Amino acid sequence: MVESSVSGSWIHGWMQFHSKTTPFASHKTLFGFLWVAALASVMVWQRNAISGYLVLGGVSVPMLRPVVFDLREFGGVGDGVTLNTEAFERAIDAISKLGKEGGAQLNVPPGRWLTAPFNLTSHMTLFLAQDSVILAIQDEKYWPLMPALPSYGYGREHIGPRYSSLIHGQNLRDVVITGHNGTINGQGQTWWTKYRQKLLNHTRGPLVQILWSSNIVISNITLRDSPFWTLHPYDCKNVTIKNVTILAPVSHAPNTDGIDPDSCEDMLIEDCFISVGDDAIAIKSGWDQYGITYGRPSRNIVIRNLVVRSNVSAGISIGSEMSGGVSNVLVENILVWESKRAMRIKTAPGRGGYVRQIAFRNLIFKNVRVGIVIKTDYNQHPDSGYDPRALPVLRDISFTTIRGKGVRVPVRIQGSEHIPVKNVTFQDMKVGITYKKKHIFQCAFVQGQVIGTIFPAPCENFDQYNEQGQLVKHAASKNVTDIDYEI
């Protein structure tokens with residue numbers, strides 16, 4: 001498991017001096033100490049500055065840019081009517097020429113900045129001031145078409161090309177999108193309506209999509225009303241998403257996932273609020289034969305300190321497109337409220353790949369229909385070319401310290417004869433239920449263990465151990481089918 005990066009303050013301790021116990025005999029001594037400390041700090045700073053990044057506690061964070069631009073310098077007009085695409089393009093072109101000098105920051109001041117999609121460049125910071133809104137134009141004729149992603153082989157909703165994202169980047173290094181909680185608004189309402197009415201010939205575009213890139217930081221902004229998936233890092237490394245608010249209507253806003261890490265490696269998502277019309281977070285790695293061939297897993301991902309809501313899907317999902325594999329994921333300190341499902345892993349025959357070494361801990365469910373779901377028959381496929389014999393592997397999944405109230409079905413694990421779910425662990429679970437019926441802990445073709453006493457009582461597929469790790473009861477059956485979809 002990759003170690004988590006930043007938690008709270010950058011500085012973990014403070015030196016406290018009391019006037020009666022000051023360790024310095026004179027002001028000159030104090031001044032000399034401070035001078036030496038300052039010199040040492042500069043030396044440490046220079047030693048830790050690597051390729052434009054400052055390394056703090058083993059984590060690289062972007063340093064300040066040497067040049068700052070204002071969008072208005074390039075003809076930007078923030079009246080909500082003027083189209084600013086060319087202003088963004090001129091500004092980003094200017095930044096692209098400054099990469100060797102450390103790049104530049106583009107400030108988007110208060111206002112409503114209407115634009116069509118535009119591309120980012122390396123070594124840039126896009127900074128949204130308080131009360132600034134980057135506003136997507138709604139007419140799809142302004143949205144360029146792009147090839148299908150190689151691990152999907154399909155636009156995702158339609159055969160052929162797909163619409164670009166509003167803010168797009170490919171093959172980038174050292175990119176920051178941040179601000180004083182400014183907003184990127186996709187104005188997705190028109191897209192959602194056309195999708196429901198089957199008036200679109202191509203897959204809708206995400207709000208922000210970064211592909212084949214590294215050293216990406218997205219923080220302190222609001223993303224809202226995306227036409228499709230909201231934030232989609234694809235085949236990226238070293239990505240941090242922190243203090244981001246993501247909003248879309250919880251109904252009638254189809255496929256507006258919050259954050260979809262897709263074939264990504266070394267990623268941190270923390271301190272976010274997400275309320276959307278599909279999965280709040282969905283970890284992916286490609287779809288059926290295309291994902292198997294592309295072969296890029298999602299791995300080393302930490303998701304923590306989130307409040308999420310998904311009225312139609314799940315708070316945190318893995319899959320269903322997981323054909324490149326998903327491993328080494330930690331999900332902790334999550335509140336899921338007013339949602340259909342809380343934690344979900346979904347796959348199907350034909351996916352191939354694996355989901356393994358997944359740890360969930362410190363979860364709270366409030367008014368959730370199903371708390372924990374593992375599903376192996378989620379049969380959506382890009383085309384008929386998939387191999388139904390490509391069976392995913394699900395194993396080594398743990399759930400520790402789970403609390404909740406108002407949960408109808410706390411656990412539903414639906415393995416199958418061909419896709420059994422192996423080595424699942426439950427420990428320290430107490431979930432208040434709303435439905436007085438047997439079999440609210442539901443199992444099919446799952447094997448694992450329960451440590452200590454949990455509520456509700458587990459199904460008989462699990463070996464039961466006491467808190468000291470001593471076996472109390474062997475599993476009665478490992479292949480009992482006990483799924484009741486009526487509750």
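This is a predicted model: local features need pLDDT of at least 70, side-chain atom pairs count only at pLDDT 80 or more; totals for chains, interfaces and linings use all residues.
Twenty residues, written 20 in the count used here, line the second largest pocket, and Arg-156, Asn-255, Asp-278, Tyr-378 and Gln-380 lie nearest its centre. Strand S23, residues 326–346, gives the most to the lining, with 3 residues.

Arg-156 leads on to another space. Together with Leu-149, Gly-155, Arg-162 and Phe-228, Arg-156 is among the residues nearest the centre of the largest cavity. That cavity is lined by 16 residues. The space inside comes to about 110 Å³. The lining holds 8 nonpolar, 5 polar and 3 charged residues. The count of cavities of 30 Å³ or more is 1.

Now step back to the whole chain. The protein chain has 4 helices and 30 strands. Of its 487 residues, 54% are buried. The accessible surface comes to about 21300 Å², and carbon and sulfur atoms account for 53% of that surface. Contacts also reach along the sequence. Take the contacts with a separation of 6 or more: 75% of them are between residues 24 or more positions apart.

The strands come next. Strands of a sheet pair through backbone hydrogen bonds, either parallel or antiparallel.

Strand S19, residues 265–276, is mostly covered, with 9 of its 12 residues buried. It has parallel partners. Strand S18 (residues 237–247) is joined to S19 by 8 bridges. Here Lys-242 stands opposite Glu-270 in S19. Strand S21 (residues 298–310) also pairs with S19 in the parallel sense, over 10 bridges. In that pairing, Val-276 stands opposite Ser-310 in S21.

Further along is strand S27, residues 441–444. Phe-441 and Cys-443 point one way from the strand, while Gln-442 and Ala-444 point the other way. Are these residues buried or exposed? All are buried. S27 pairs with strand S25 (residues 393–414) in the parallel sense, over 4 bridges. Gln-414 has Ala-444 in S27 as its bridge partner.

Loops deserve a look too. Ile-159 sits in the loop between strand S10 (145–146) and strand S11 (162–163). Why does Ile-159 count as exposed? Its relative accessible area is 68%, and exposed means over 50%. The C-alpha atom of Ile-159 is separated by 8.4 Å from that of Ala-148, which is 11 residues away along the chain.

Some backbone details remain. Most residues other than glycine have a negative phi, and most peptide bonds are trans. The peptide bond from Gly-319 to Ser-320 is cis, with omega near 5°. Ser-320 lies in the loop between strand S22 (314–318) and S23. A cis peptide bond also joins Phe-455 and Pro-456, where omega is about 0°. Pro-456 is placed in the loop between strand S28 (446–451) and strand S29 (462–465).

Positive phi values occur as well. Asn-220, found in strand S16 (residues 214–224), has a phi near 55°. Asn-220 is partly exposed because its relative accessible area is 30%, which falls between the 20% and 50% cut-offs. Asp-288 has a positive phi of about 50°. Asp-288 lies in helix H4, residues 288–294. What is the relative accessibility of Asp-288? It is 0%, so Asp-288 counts as buried.

Notes. Residues are numbered from 1 along each chain as its sequence is written. Side-chain values use heavy atoms; hydrogens and water are left out. On a 1 Å grid over the protein atoms alone, a cavity is a set of points where a 1.4 Å probe fits but cannot get out, and a pocket is an open set with protein on both sides within 12 Å along at least five of seven lines; lining residues have an atom within 4 Å of a point. Helices (H or I, at least four residues) and strands (E, at least two) are DSSP runs, numbered from the N terminus. Buried means under 20% relative accessible area, exposed over 50%, partly exposed in between (1.4 Å probe, protein chains only). Contact means heavy atoms within 4.5 Å. Accessible areas come from the Shrake-Rupley method with a 1.4 Å probe; for residues, only the protein chains shown count as cover. Grid points are joined across faces, edges and corners, and a volume is the space filled by probe spheres set on the points. Ala, Val, Leu, Ile, Met, Phe, Trp, Tyr, Cys and Pro count as nonpolar, Asp, Glu, Lys and Arg as charged, and the others, Gly among them, as polar. Two strands pair if DSSP finds at least two bridges between them.
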